[in-house]
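The entries follow the order in which I examined the sites.

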Amino acid sequence: MTTDQRHYHITTFGCQMNKADSERMAGILEKMGFAWSEDPNQAELILYNTCTIRDNAEQKVYSYLGRQAKRKQENPNLTLIVAGCVAQQEGEKILRRVPELDLVMGPQHANRLEELLQQVADGNQVVATDPIHILEDITKPRRDSNITAWVNIIYGCNERCSYCVVPNVRGVEQSRTPEAILQEMETIGQQGYKEVTLLGQNIDAYGRDLPGVTATGRHQHTLTDLLYTIHDVPGIERIRFATSHPRYFTERLIAACQELSKVCEHFHIPFQSGDNDILKAMKRGYTHEKYRQIIEKIRKYMPDASISADAIVGFPGETEQQFENTLQLVEDIGFDQLNTAAYSPRPGTPAATWDNQLSEEIKSDRLQRLNHLVAQKAAERSQRYFGRIEEVLVEDKNSKDSTQVMGRNRGNRLTFFAGDINQLKGQLVKVKITEVRAFSLTGEIV
Ligand code: SAH
Ligand code: SF4
Ligand code: F3S
C-alpha cells in the first residue's frame, strides 16, 4: 500500500448554490484520486468556494486565504484555489493581492475543475472567469448528506435588483433540461436519498430560456411542469424548492404544491422590504400588497404552510417610517423564519453609487429591532406544533446530544427526539411535539 495519497480540503461560504457546486467539485477531486481532509493544514490542495453577497462575506475569504498563502511559502507543493463568487468578481485582481494562488475560477467553471487543474500542473497560474455555457456534469458529486440532496435546475439570474452582485457573478439564466434533472433525480433516488431541494436564484424563471410554448402562449417548461415531471421518482419522499421570486410566483404553482403530496408545504419567498418606494428603488418589480396576496393565496390552499423569506434593512435612503413598514409586514405575515441583513454596498451594483447611504449605526440598530421581532414571531408560529404529530425525516444525530436524532418536519422546522441514529437515519418518523422553541422543536416518537 502506498502512503502518497493526496488530500484535498474545501471550505464553502455563501448560499446553497455554492454548497451544491462544492459537492460537484469534491466529486471531481475524488475521481482524480484525492481524499477528503477535514483539516486544511493536512491537505495538499485547498479550495475556497467563496461568497461576495456582502462585504463581510468577502473579507472572511481574504483572512482564510492569507493564512494558507503563508503556508504555501514554506510548502510550494500546496495547490491553492479560489472558486465561486469572489473569484468571479475580482478575477485577476485576486492574484495581485494573493500571488501564491494557483487557480482562480468563477462559478460557471465549477464542472471544469479537472481540466483547469491540468493547466496548473502544466505550470500555469490560471484565471477562469469568462462567461461560458455550463456543461452537464457527469461526475458523481460528493454530497454532504446521504439523506437530503440539492439539485440545481437553473443557474444564473436575469434580474437586476439594484443592490445585488449575483447577476454579475453568476451570469445569465441557464435552465437545465427536464430530462437531465429527471435523470439526476432518478440516480439520487436509487442511491437512497429521501429529500431533494431544487435550486435556482430565481427558481420561478425556470424554463423561460428553454424552447417550446403552449397553445395559450406560456413557456412549456415551467417550474410547475417540472414538479409534475419529477414527482413520482422512486425513493424520493420529499421535494422542496428555493428561491422563489414574488414577481413571478403563480397560483398554478401553489395549486400544484397542494396537489403533489411529496412537495412540502414550505415556501421561501424573499420580500426584501415592506415599503413600496424602497421596493421600487430595489427594482424588485412588486408591491407589498402583491406579496401579501401571494401569502394569502398560499394559506388559502395550504393553511398550515410555513413561510420563510429574506429581508434587507438600511437600504440607501430608507427612512424610519419605511423601515417600520418592513416591521409591519413581518408583524402581519408571521414568518416561520426570516434571514435578515443590513444593506452592504457591493462593487458594480447601482445602489452602491447612490449618495443617500445610511450610517452603520442606523443599519445595525434596525437589524437588531427586526431580529427581535423575527424571533418573537417565529416563537409564536412554533406554538401551532405543540402537541401535534409531525412527520420528521431523520437526517443525523443531534450534535449536542448523542441520545437524540435530528431531522425536519415538512414545514422545515428542525426537530429533535430520543432515538438511535443507526436505526432511524433516512426514515420518515411520526413524532409528537412536546417542546417548542422559536426555530426548533423537541418531541417523542409515537
Ligand atoms: N435570489 C434571491 C436572493 C439571493 S441573495 C432573491 O431574489 O431573493 C440572498 C439574500 O442576500 C437576498 O435575498 C438579500 O436579502 C441578501 N442580499 C443580497 N444583496 C445584499 C446586499 N447588497 N446587502 C445586504 N443583503 C443583501
Ligand atoms: Fe439578486 Fe435579485 Fe437575482 Fe435575487 S433576483 S439573485 S436578489 S438580482
Ligand atoms: Fe454568495 Fe454567490 Fe451565493 S455571492 S449568496 S455564494 S450566489
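**Ligand sites and a loop residue**

I began with ligand 3, which is surrounded by Cys15, Asn18, Cys51, Thr52, Ile53, Cys85, Arg170 and Gln201. I note that the model is a predicted one. Sorted by class, the shell of ligand 3 holds four nonpolar, three polar and one charged residues.

I then turned to ligand 1 and found 15 residues around it, the closest being Tyr163, Gln201, Gln272, Asp310 and Ser344. The classes in the shell of ligand 1 are seven nonpolar, four polar and four charged residues. I looked up which strands contribute: strand 13 (306-313) and strand 14 (337-342) each supply at least two residues of this shell.

Next I listed polar contacts of ligand 1. A polar side-chain atom of Gln272 lies 2.7 Å from an oxygen atom of ligand 1, and one of Arg284 lies 3.2 Å from an oxygen atom of the ligand. For Tyr163, I found a backbone N or O atom 3.0 Å from a nitrogen atom of ligand 1. I also recorded the area: ligand 1 taken alone exposes 540 Å², of which the protein buries 89%.

My last entry concerns Thr243, in the loop between strand 11 (238-242) and helix 9 (251-259). Is Thr243 buried or exposed? I count Thr243 as buried because its relative accessibility is 17%, and the cut-off is under 20%. Leaving out residues up to four places away in sequence, Thr243 touches Gly200, Gln201, Asn202, Ile203, Asp204, His268 and Pro270.

Key
Residues are numbered from 1 along each chain as its sequence is written. Chains are lettered from A and ligands numbered from 1 in the order in which they are written. This is a predicted model: local features need pLDDT of at least 70, side-chain atom pairs count only at pLDDT 80 or more; totals for chains, interfaces and linings use all residues. Side-chain values use heavy atoms; hydrogens and water are left out. A residue is near a molecule or strand if one of its heavy atoms lies within 4 Å of it. A polar contact is a pair of N or O atoms within 3.5 Å; within protein, one must be able to donate a hydrogen and the other to accept it, and residues adjacent in sequence count only if both atoms are side-chain atoms. Accessible areas come from the Shrake-Rupley method with a 1.4 Å probe; for residues, only the protein chains shown count as cover. Helices (H or I, at least four residues) and strands (E, at least two) are DSSP runs, numbered from the N terminus. Ala, Val, Leu, Ile, Met, Phe, Trp, Tyr, Cys and Pro count as nonpolar, Asp, Glu, Lys and Arg as charged, and the others, Gly among them, as polar. Buried means under 20% relative accessible area, exposed over 50%, partly exposed in between (1.4 Å probe, protein chains only). Contact means heavy atoms within 4.5 Å.
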